Amino acid sequence: MPTIKLKLNDRSINQALKDIKAYQKKVDAAGENLTHSLTERGVSLAQLNASYMSIYDTGELVNGIESQYRGDKGYVVSTAPHSAFAEFGTGIRGEQSPHPEPGLAGWRYDVNEHGEEGWWYLGDDGEWHWTAGMPSRPYMYDTARMLRNMVVPTAKEVLK
C-alpha cells in the first residue's frame with residue numbers, strides 16, 4: 001500500500017482522496033490481474049515441465065497445454081488425449097514409480113494386471129510395440145506446486 005501524506009488543508013485532503021481512489025481501483029482489479037498472471041505463468045511452467053520430463057511427445061502434449069477462464073477462475077489445462085497417462089504413469093512401471101498423489105484422479109495402476117508381461121499395442125506408425133507401462137511424470141502437479149510459491153510475489157508485483 002502506498003504511503004499517503006497530507007496536510008490539513010482542502011487541496012492536500014482532496015489530493016489524498018484522489019490517491020486513495022486510484023489505489024482502490026488498482027486493488028479492485030488486482031484479483032483479475034493476479035488470476036490472469038498466474039494462469040499464464042502456469043501455462044509456461046507446465047510446458048517447460050513437460051518438456052524436461054523426457055515424455056515422448058510429438059508436440060501434442062506440450063502444445064496442448066493452455067489457459068482457460070471460467071468466471072473469475074483461471075485454469076491451466078492439458079488437452080492432449082494422453083495427458084493423464086503422462087502425468088500419472090501406467091502399468092507396472094507406473095506402479096513402481098507412481099504419481100505423488102494418484103488419488104487426485106482416482107488413478108489405478110496395472111488395471112488389467114499385466115504385470116511384468118506388459119502388453120502389445122498398435123502404434124501410430126502402424127507397427128506393434130511392447131510396453132510394461134511408463135512411470136509417472138507429474139508435470140502438472142509440479143506446476144501447481146510452483147505456482148503456489150509464486151502467489152505472494154506475483155500479488156506484490158500486480159499491486160506495485
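Let's start with arginine 41, which is partly exposed at a relative accessible area of 27%; here buried means under 20%, exposed over 50% and partly exposed in between, with a 1.4 Å probe and protein chains only. Before I go on: this is a predicted model, where local features need pLDDT of at least 70, side-chain atom pairs count only at pLDDT 80 or more, and totals for chains, interfaces and linings use all residues. Residues are numbered from 1 along each chain as its sequence is written, and side-chain values use heavy atoms, with hydrogens and water left out.

Arginine 41 forms a salt bridge with glutamate 157, and the closest N and O atoms are 2.7 Å apart. The rule asks for a side-chain nitrogen of Lys or Arg within 4 Å of a carboxyl oxygen of Asp or Glu, and by that rule the count comes to one salt bridge. The arginine sits in helix 1 (residues 10-52) and the glutamate in helix 5 (residues 139-158), so the pair ties together parts 116 residues apart in sequence. Helices are DSSP runs of H or I with at least four residues, strands are runs of E with at least two, and both are numbered from the N terminus. Glutamate 157 is partly exposed too, at 43% relative accessibility.

Now, which glutamate is buried yet has no salt bridge? That is glutamate 87, whose nearest side chain of opposite charge, arginine 145, is 9.9 Å away. For charge, Lys and Arg count as positive, Asp and Glu as negative, and His and the chain ends are not counted. Glutamate 87 belongs to helix 3 (residues 83-88). Setting aside neighbours within four places in sequence, its contacts (heavy atoms within 4.5 Å) include His99, Arg137 and Tyr141.

On to the hairpins. Strands pair if DSSP finds at least two bridges between them. Strand 1 (residues 65-70) and strand 2 (residues 73-78) run antiparallel, joined by six bridges, and glutamine 68 has tyrosine 75 as its bridge partner in strand 2. Two residues lie between these strands, and in this hairpin glycine 71 takes a positive phi near 65 degrees.

Strand 3 (residues 119-122) and strand 4 (residues 128-131) are also antiparallel, with four bridges; tyrosine 121 is partnered by histidine 129 in strand 4. What sits between the strands in the hairpin of strand 3 and strand 4? Five residues do, and glycine 126 in this hairpin has a positive phi near 80 degrees.

Last stop: leucine 6, in the segment before helix 1, is partly exposed with a relative accessible area of 45%. Thanks, everyone!
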